[in-house]
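Hello,

Here is the structure I promised to pass on. Please open it first, then read my notes below.

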Amino acid sequence: MKRVSALIVASSLLFLGACSSDEKPAEDTATTPSASADPDVFTYNFTSGETTEVNRLEPLPEDVAADIQSRFDATLFEPDAKAYTEAVEAGTVSADVDNYAAFKGLSATVGGETGKYIGGVIKVVTDCDGEPTVTWAFAAQSTSAPEPAACDSADALAEAQQIADDYVANAMGGADAWFVTEQNAQ
């Protein structure tokens, strides 16, 4: 019980640290800052196994952004409303049926490797008039739930992209502190 309490306290402190404008995003415990003396420089691990240094205060290099996109493309999936609903009812929701949970897991890792806050325009299951429905939503590594497009949206993807733009523009650190991915962006 003491270990669980310590983990909860540590998680809370990491979250509070991520919310401070003077602090960089919470780092994944499996990653380490760069060997550089600059605390704004992080080591990014490419899927190929190579590494590079990135500065959290600068835009990500194109090769890093492309690699991050490929990681999310490999992780995110088209949600199945029925499977998701069954998992919710059984109390077994996991990253296997919940695209938001899959996003959150990878966003914590990528955020730790880049020093950036990670957002995503992803597909999720939401309740539309009592019916589980797959739609586009904005998610962030620091939020507790995705923000889906309206159920009656004429263009749910465009609406979710606008939600992302508005969120990031008003978020701590501003747009430069963020990297926003889009599920299956071409």
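**Asp98 and its surroundings**

Asp98 touches Phe77, Tyr84 and Val93, leaving aside residues up to four places away in sequence. Keep in mind that this is a predicted model.

Where does Asp98 sit? Look in the loop between helix H3 (81-90) and helix H4 (99-114). Asp98 is buried, yet it has no salt bridge. The nearest side chain of opposite charge belongs to Lys104, and that is 10 Å away. A salt bridge would need a side-chain nitrogen of Lys or Arg within 4 Å of a carboxyl oxygen. There is a polar atom to note, though. One in the side chain of Asp98 lies 3.1 Å from the backbone nitrogen of Tyr100.

**The sheet**

Next, the strands. Four of them form an open sheet, in the order E5-E4-E3-E6. The pairing is mixed. Strand E5 (147-148) and strand E6 (178-182) are the edges, and each pairs on one side only.

How do E3 and E6 run? They are parallel, and five bridges join them. E3 covers residues 117-128. Tyr117 stands opposite Trp178 in E6.

**Helices on the sheet**

Two helices to check here are H2 and H4. Helix H2 (residues 62-75) packs on the sheet and touches E3 and E6. The direction of H2 makes about 50 degrees with that of E6.

H4 also packs on the sheet. H4 touches E3, strand E4 (131-140) and E6. The direction of H4 makes about 175 degrees with that of E3.

Best wishes

Notes: Residues numbered from 1 in each chain as written. Predicted model: local features only at pLDDT ≥ 70, side-chain atom pairs only at ≥ 80, totals over all residues. Heavy atoms only, no water. Helix = DSSP H or I, 4+ residues; strand = E, 2+ residues; numbered from the N terminus. Buried < 20%, exposed > 50% of the residue type's maximum accessible area, 1.4 Å probe, protein only. Lys, Arg positive; Asp, Glu negative; His and termini not counted. Polar contact = N/O pair within 3.5 Å; in protein donor to acceptor, adjacent residues only side chain to side chain. Contact = heavy atoms within 4.5 Å. Pairing = 2+ DSSP bridges. Axes fitted to C-alpha atoms, helices over the stretch in contact; angles between N-to-C directions.
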